[in-house]
Amino acid sequence: MTRENPGVAETVVRHAHVLDPGAGPDGVMDVRILGGMIAEVGDNLRGGRELDAGGLHLFPGFVDVHAHWRTPGREDEENIESGSASAAAGGFTGVVMMPNTDPIVDNPMIVGGLARRIERESRVRARISAALHVGLKGERLTEMHLLKEAGAFCVSDDGVGTASAGVLRNGMAYARTAGLPLILHCEDHTLATGVVHDGVAASLTGIPGSPASAEDVATATALILAAETGAKTHITHVSTALSAALVAFFKDRADVTADTTPHHLTLTDDLVSTLEGLYRVNPPLRPDADSDGVGAALRAGVLDFVATDHAPHASEEKELPLEEAAPGFLGHETAFSALYTALVLTGGLSLPRLVDAMSCAPGRWVGEGGSLAVGEPADLALVDLSERWKVDSEAMISRSSNSPYLGKTLTGRVVGTIVGGELVHNRTGAKFGTRG
Ligand SMILES: [Zn+2]
Ligand SMILES: [Zn+2]
């Protein structure tokens with residue numbers, strides 16, 4: 001894995017439009033990298049290896065706190081090498097891996113093994129989320145102090161949620177004493193009995209729907225308990241307008257942050273009418289009112305950032321009728337382009353807020369990356385905002401191809417990704433010339 005490497009040669013990325021809404025720069029300038037760190041941002045910088053990035057935008061590398069790299073257990077769908085390559089292709093320099101693997105990441109031995117594999121195989125900075133409860137069964141809590149010692153960065157109940165409010169409350173109190181943040185998947189299974197959102201499209205197609213309350217009730221529970229316990233709590237994949245409003249209410253009453261996904265911001269449950277298993281995801285795609293509400297909350301900063309919920313699946317699990325398909329979409333490689341195309345180019349979101357939501361804010365949450373300030377790790381994304389490209393299953397770097405954007409033409413594409421001063425993704429080579 002690429003790390004700050006004091007031996008690495010000096011690199012200067014020249015002539016890119018540098019945009020970092022956190023640290024301030026917004027204009028054509030150069031970035032000098034030394035020892036894997038940002039050494040200088042300014043005009044007419046020279047040195048060592050030079051990358052000519054004229055015509056490209058340079059952002060702090062994106063940070064994705066929600067990814068399923070299917071390791072251990074389903075390396076046929078994704079492994080650390082392919083997951084991290086897919087992340088790098090999307091401009092992500094930092095990722096948090098979810099624990100609902102096979103086996104579940106619920107004991108220190110598995111955490112330690114995963115940490116060693118990351119060290120060897122990941123192109124980006126990957127962090128481990130361990131399970132909040134043993135086997136993600138919602139009953140017995142994991143040994144969080146030991147998980148942290150073994151290398152866990154946070155704990156999560158992603159994939160299923162926590163049915164018992166009592167278990168969740170104890171888990172929050174324990175996570176707080178262990179110094180681990182929580183990433184929570186809010187879903188009440190007594191309400192989430194369907195496979196799509198319970199709306200017009202579900203009624204017309206006859207596919208069983210789950211009401212929005214399946215998410216909202218669980219979100220309210222999590223927020224109330226976060227306020228009561230003081231645990232550092234992150235609500236992931238917020239997909240309804242009401243859940244976003246609940247987050248807003250608790251923003252200064254609890255140590256709470258929240259994200260939403262590119263697909264909940266750009267797609268709606270109209271896609272249910274295709275009856276294609278590809279479009280099954282959890283939480284489900286919602287109607288316009290929710291998508292708009294979540295978008296407004298992201299704009300306002302109520303939802304702090306975007307996370308992809310990158311969820312690879314083998315084609316035999318997705319090429320099925322909706323009711324039988326596995327839920328989840330690929331996310332890394334299309335996240336920036338989908339959001340830039342659907343939100344920034346239409347005036348729905350400013351480019352600086354998008355970069356803030358993909359880089360600066362999640363970087364602050366993990367405590368590393370998402371900044372071009374001098375002395376920070378040289379984690380960068382180089383993007384061609386003018387490139388139009390068609391999302392194609394053959395060209396996916398992930399081991400799977402279940403992208404909801406397949407066949408769509410998007411604008412803006414990541415061209416190069418740098419982690420700790422090293423180029424870990426370089427799509428065309430010809431896009432920027434190297435000298436020195
Ligand atoms: Zn989830
Ligand atoms: Zn997930």
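Hi everyone, and thanks for coming. Please keep in mind throughout that we are looking at a predicted model. I'd like to start with the metals.

Let's take the zinc ion (ligand 2). Which residues hold it? Its donors come from His-66 (NE2), His-68 (NE2), Asp-158 (OD) and Asp-309 (OD), at 2.0 to 2.3 Å. Along the chain, these donors follow the spacing H-x1-H-x89-D-x150-D. Now, why is the arrangement called irregular? Because the angles that the four donor atoms subtend run from 81 to 166 degrees. For the tetrahedral label, all angles would have to lie between 85 and 135 degrees.

Buried or exposed, then, for His-68? His-68 has 5% relative accessibility, so it counts as buried. Asp-158, with 2% relative accessibility, counts as buried too.

On to the zinc ion (ligand 1). Asp-158 (OD), His-185 (ND1) and His-237 (NE2) coordinate this ion, at 2.0 to 2.1 Å. The spacing of its donors is D-x26-H-x51-H. You'll have noticed Asp-158 turning up again: this residue coordinates both zinc ions, which are 3.5 Å apart. Here Asp-158, in the loop between strand 9 and helix 4, pairs with His-185, in the loop between strand 10 (182-184) and strand 11 (196-197), so parts that are 27 residues apart in sequence are tied together. His-185 is buried as well, at 5% relative accessibility.

His-237 is in the loop between strand 13 (233-235) and helix 7, and its relative accessibility of 3% makes it count as buried. What about its backbone? Phi of His-237 is positive, about 35 degrees, although the residue is not a glycine. As a reminder, most residues other than glycine have a negative phi.

There is another case of this kind. Asn-44, also not a glycine, has a positive phi, near 55 degrees. Asn-44 sits in the loop between strand 3 (37-42) and strand 4 (49-52). With a relative accessibility of 64%, Asn-44 counts as exposed, whereas His-237 is buried.

While we're on the backbone, let me point out two cis peptide bonds. One joins Asp-102 and Pro-103, with omega of about 5 degrees, and Pro-103 belongs to the loop between strand 7 (92-97) and helix 2 (108-121). The other joins Asn-282 and Pro-283, with omega of about -5 degrees. Pro-283 is in the loop between helix 8 (262-266) and helix 9 (288-300).

That loop between helix 8 and helix 9 also holds Leu-278. Leu-278 is buried, having a relative accessible area of 13%. What does Leu-278 touch, beyond its neighbours within four places in sequence? Its contacts are Lys-318, Phe-329, Asn-402 and Ser-403. The C-alpha atom of Leu-278 is also 9.1 Å from that of Ser-315, which is 37 residues away along the chain.

The largest nonpolar core has 72 residues, and the members touching the most others are Trp-69, Phe-336, Leu-351 and Met-358. Helix 11 (residues 335-344) gives the largest share of this core, six residues. If you zoom in on Met-358 and set aside neighbours within four places in sequence, you'll find contacts with Phe-62, Val-63, Phe-92, Val-306, Ala-335, Phe-336 and Leu-339. There is also a second, separate core of 17 residues, with Val-31, Ile-33, Ile-38 and Ile-418 among them.

One last stop: a helix pair. At what angle do helix 6 (residues 213-229) and helix 7 (residues 241-250) pack? The angle is about 10 degrees, and the axes are 9 Å apart. That makes the two helices roughly parallel, since angles under 35 degrees count that way. On the helix 6 side, the residues that meet helix 7 include Thr-219, Leu-223 and Ala-227. The helix 7 side includes Leu-242, Leu-246 and Phe-250.

Technical notes: Residues numbered from 1 in each chain as written. Chains lettered and ligands numbered in written order. Predicted model: local features only at pLDDT ≥ 70, side-chain atom pairs only at ≥ 80, totals over all residues. Heavy atoms only, no water. Core = buried A, V, L, I, M, F, W, Y, C linked by side-chain atoms within 4.5 Å. Buried < 20%, exposed > 50% of the residue type's maximum accessible area, 1.4 Å probe, protein only. Helix = DSSP H or I, 4+ residues; strand = E, 2+ residues; numbered from the N terminus. Contact = heavy atoms within 4.5 Å. Donors = N, O, S within 2.8 Å, 3.2 Å for Na, K, Ca; no water. Tetrahedral: all angles 85-135°; square planar, octahedral: opposite > 155°, others 65-115°. Axes fitted to C-alpha atoms, helices over the stretch in contact; angles between N-to-C directions. Parallel < 35°, antiparallel > 145°, perpendicular 65-115°, else oblique.
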